[in-house]
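Visitor: Please take one part of this protein and go through it closely. I would like to know how it sits among its surroundings.

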Amino acid sequence: MNSSMTSIGPCHSMSSFQISSTPISSGLLDIFGQLDLAVEYLMVHKDFQSAFDTCQRGFENLDNVAEEEDSRYGELKASLCTVGIQALAEHNQWRGVLGWVLQHFGSADKMPPKIMQMCILLYSKVGEHATMQEEGHMWLHCPDNTNLSGYGTVAELYLLHVLIPLGLRTEAQQLVAGEVGIAAFTADQRQMALDLIDSQTSPQERQSPSPGPGATPQMTANLVTSQVSGSVVQRLHGMLRLLQRSTSVVRSSWKFVPLRRFLLTAFLLYLLLVRMDPAFPSSFPWVLKLLRLLKQMWYAMFGPYYRASAAV
């Protein structure tokens, strides 16, 4: 991440709060001013360190204000945290975001939904999916958070950006089928989530199999042979697709390529890549002859097309 990172969350200013008939205390009014100043540092001046320092001062002043004094206390705290997270991320200090947030909220289950969403997206963006595994699990299983408006969004982000990227299919299925999934998703959404989980392959399954410590030389040889054969077949398929595309290009320019030449080329490629082992010295003359023959066929089949293109 660098200073040009895309914003991961909205920034709130004093004007974004709902107007309330309750008069604002002088302490909260100062914090509102600091929040606006932090947003200005972040969005206008791109001074991320000053934006973060201003948020820190806002939190220090907020500690002197009782939470019961004004209903806007929680929203103001979340807004300061939002700007501070964005400033740390833009300043390439994203590793300290979670610790800084926990410092002000005490534990993960006390975070507002928007802050939890930002943390999941931030650490997912930098590839540190495991960082939010325990905190997200704690937040989702806290009964006080079940009725919050952003509960379903947190559950969805936790599933898509933490559990599935980590290959935790069993945990993901338990999440969707358990109490969290029932509270966060509809029946159709749970079924779609389970289908998505079933279609995923864990990182361990994507790795090529390797012989165990007790594998015999014959087992190891068979494994290597199967891997090499699969690689050769993939190369052959790729070359055949290339020949097919080239043939279609030639035909589109009113040049006809006989089917026999195409089949002969495919057969020669099969002999060269599958039936013959270039590692044996006895195969060298055959390989050279086949390469010369392939060159001649290539020029015969596609030479007129390239000459016509050059002339145009």
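Guide: A helix here is a DSSP run of H or I with at least four residues, numbered from the N terminus. In this predicted model, the pattern along the sequence reads α-α-α-α-α-α-α-α-α-α-α-α-α-α, that is, 14 helices and 0 strands. Of the 312 residues in the protein, 37% are buried. Among contacts with a separation of 6 or more, 65% join residues 24 or more positions apart.

The buried residues of α2 are F48, A51, F52, T54, C55, G58, F59 and L62. They lie on the same side of α2, because they cover an arc of only 160° around the axis. In general, an α-helix has 3.6 residues a turn, so residues three or four places apart point the same way. The cover over the buried residues of α2 includes α1 (26–45), α3 (73–90) and α4 (97–105).

The loops between these helices also deserve a look. Most residues other than glycine have a negative phi. K46, in the loop between α1 and α2, is not a glycine, yet has a positive phi of about 55°. N92 belongs to the loop between α3 and α4; this residue, also not a glycine, has a positive phi of about 60°. With a relative accessible area of 39%, N92 is partly exposed.

Methods:
Residues numbered from 1 in each chain as written. Predicted model: local features only at pLDDT ≥ 70, side-chain atom pairs only at ≥ 80, totals over all residues. Heavy atoms only, no water. Helix = DSSP H or I, 4+ residues; strand = E, 2+ residues; numbered from the N terminus. Buried < 20%, exposed > 50% of the residue type's maximum accessible area, 1.4 Å probe, protein only. Contact = heavy atoms within 4.5 Å. Arc of directions from axis to C-beta.
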